[in-house]
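Hello,

Here is the structure I said I would pass on. The notes on what was found in it follow below.

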Amino acid sequence: PCSSVSSDVQLEELATASLVRLPSSDSLLLNDILRIHADAHSIWLSDRSSVCCFSPAGELLRLLSRQGQGPGEYTGITDFQVDAEGNVWVLSRSQQRLFLYGKDDQLVRTLDLPLWVENMKLVGDGLLLYSGNEPDDSGMQLHWMDLSSGTILRHAKPLDRQQAAYLHVHNRNPFQSASSGGCHFSQLFNDTVYTLTEAGAVPSAVVDFEGHNVPASFYAAEYQDIMEFFQKFHGVGTYAYGLNYYYQKQCCLAVLPKSGTGQRVMNGFRLSSPLSDYPVDLNEVAMFAQDDGSIILPLDAASVKEYYAASSRPVPQEVSAYLPEVSEDANPFLLVVRFHE
């Protein structure tokens, strides 16, 4: 419910949290993190220029950094995927190209794309591509590519040409819960969650904001550009959208128990552990949902240091040895949140 949003939530009531410290060095300084993929053995993440792999304890295991204009180099990273053998697929939207790097970080192959792609997801032996609201010849938003041949075999989910004229908003991660048969797919301005399989995109759930869902008529109106759309959207002020949803310019997170009762809605929370009493504002951090249901939030290390320096609270043991060496450009801490069943 949009009326019950709170920032005064103790996270331990809903979840357990752990902290991963990412090392910093002259050769490893991350900018805005675009994507995080984690499992029990590793944490993969990327910014615009590199893909990194860390152990669950934060030890750097691998660094793929091939940004440039030369052969085998990408101009920038838009998305990435890692297969079961440790090969890394890098998407460069500006080049309309996929780069495949082996475990030795050497280029194995490139694939030129016939469309502009925002996000991708490895599913089985294929690759799901999402082209957002960028029109292409197929008139669709989702595309299945066969990686062995590099050809697109199928398309799904028709593009709304009216929205494509103005609604250019990049999804941080529209694909979730991958399996050998498919995955779930969602969009920022779409209340429907789809299940994607070889058969296509099938609606499987609808997000209900209890009277605050955006009506279809609002999208059907004429807008000159995305700025005019948002001006009118926020002028109304009562609509909510997105899975990590937004309401009245506030980023919120709803935690729904399997029983369907007792849900909690927050735009921030406080930690009891591992960062004692540290406040997390969801409007100031990115959230990366993982296939196991956990979320990972990068916390600015310099802000953590400043918080404890300005307060009378004791520095938590988990970071006490590291805070003295934290600088303004230090790599973030990763807060890994696992919700109770």
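How much space lies in the second largest pocket? The answer is about 550 Å³, with the caveat that this is a predicted model. The pocket is lined by 19 residues, and those closest to its centre are His37, Ala38, Asp39, Val82 and Asp291. Three strands, β2 (35-38), β6 (79-82) and β10 (119-123), each supply at least two residues of the lining. The most comes from β2, with 3 residues. Sorted by class, the lining has 8 nonpolar, 6 polar and 5 charged residues.

In soluble globular proteins, nonpolar side chains tend to be buried together. The largest nonpolar core here has 31 residues, and Phe269, Tyr278, Val280, Leu282 and Leu297 have the most contacts inside it. Two or more residues of this core come from each of β21 (253-255), β26 (295-299), α4 (301-310) and β27 (333-339). Of these elements, α4 gives the most, with 5 residues.

Leaving aside residues up to four places away in sequence, Leu282 touches Cys251, Cys252, Leu253, Met266, Asn267, Gly268, Phe269, Met287 and Leu297. There is also a second, separate core of 15 residues, which includes Leu22, Ile43, Cys52 and Phe54.

Then the aromatic residues. The structure holds 29 aromatic pairs. One of them is formed by Tyr74 and Phe99, edge-to-face, at 6.2 Å centre to centre and with 70 degrees between the planes. Tyr74 sits in the loop between β5 (60-64) and β6, whereas Phe99 is in strand β8 (residues 97-101), so this pair links distant parts of the chain, 25 residues apart. Tyr74 and Phe99 are both buried.

Tyr74 also pairs with Tyr101, again edge-to-face, at 6.2 Å centre to centre and with 85 degrees between the planes. Because Tyr74 lies in the loop between β5 and β6 and Tyr101 in strand β8, the pair ties together parts that are 27 residues apart in sequence. Tyr101 is buried, as is Tyr74.

Elsewhere, ring pairs link a set of aromatic residues into a cluster: Tyr166, Phe189, Phe218, Tyr219, Tyr223, Phe229, Phe230, Phe233, Tyr239, Tyr241 and Tyr246.

Regards

Methods:
Residues are numbered from 1 along each chain as its sequence is written. This is a predicted model: local features need pLDDT of at least 70, side-chain atom pairs count only at pLDDT 80 or more; totals for chains, interfaces and linings use all residues. Side-chain values use heavy atoms; hydrogens and water are left out. On a 1 Å grid over the protein atoms alone, a cavity is a set of points where a 1.4 Å probe fits but cannot get out, and a pocket is an open set with protein on both sides within 12 Å along at least five of seven lines; lining residues have an atom within 4 Å of a point. Grid points are joined across faces, edges and corners, and a volume is the space filled by probe spheres set on the points. Helices (H or I, at least four residues) and strands (E, at least two) are DSSP runs, numbered from the N terminus. Ala, Val, Leu, Ile, Met, Phe, Trp, Tyr, Cys and Pro count as nonpolar, Asp, Glu, Lys and Arg as charged, and the others, Gly among them, as polar. A nonpolar core is a set of buried Ala, Val, Leu, Ile, Met, Phe, Trp, Tyr and Cys residues joined through side-chain atoms within 4.5 Å. Buried means under 20% relative accessible area, exposed over 50%, partly exposed in between (1.4 Å probe, protein chains only). Contact means heavy atoms within 4.5 Å. Rings of Phe, Tyr and Trp (its six-membered ring) pair if their centres lie within 6.5 Å; planes under 30 degrees apart count as stacked, over 60 as edge-to-face and the rest as tilted.
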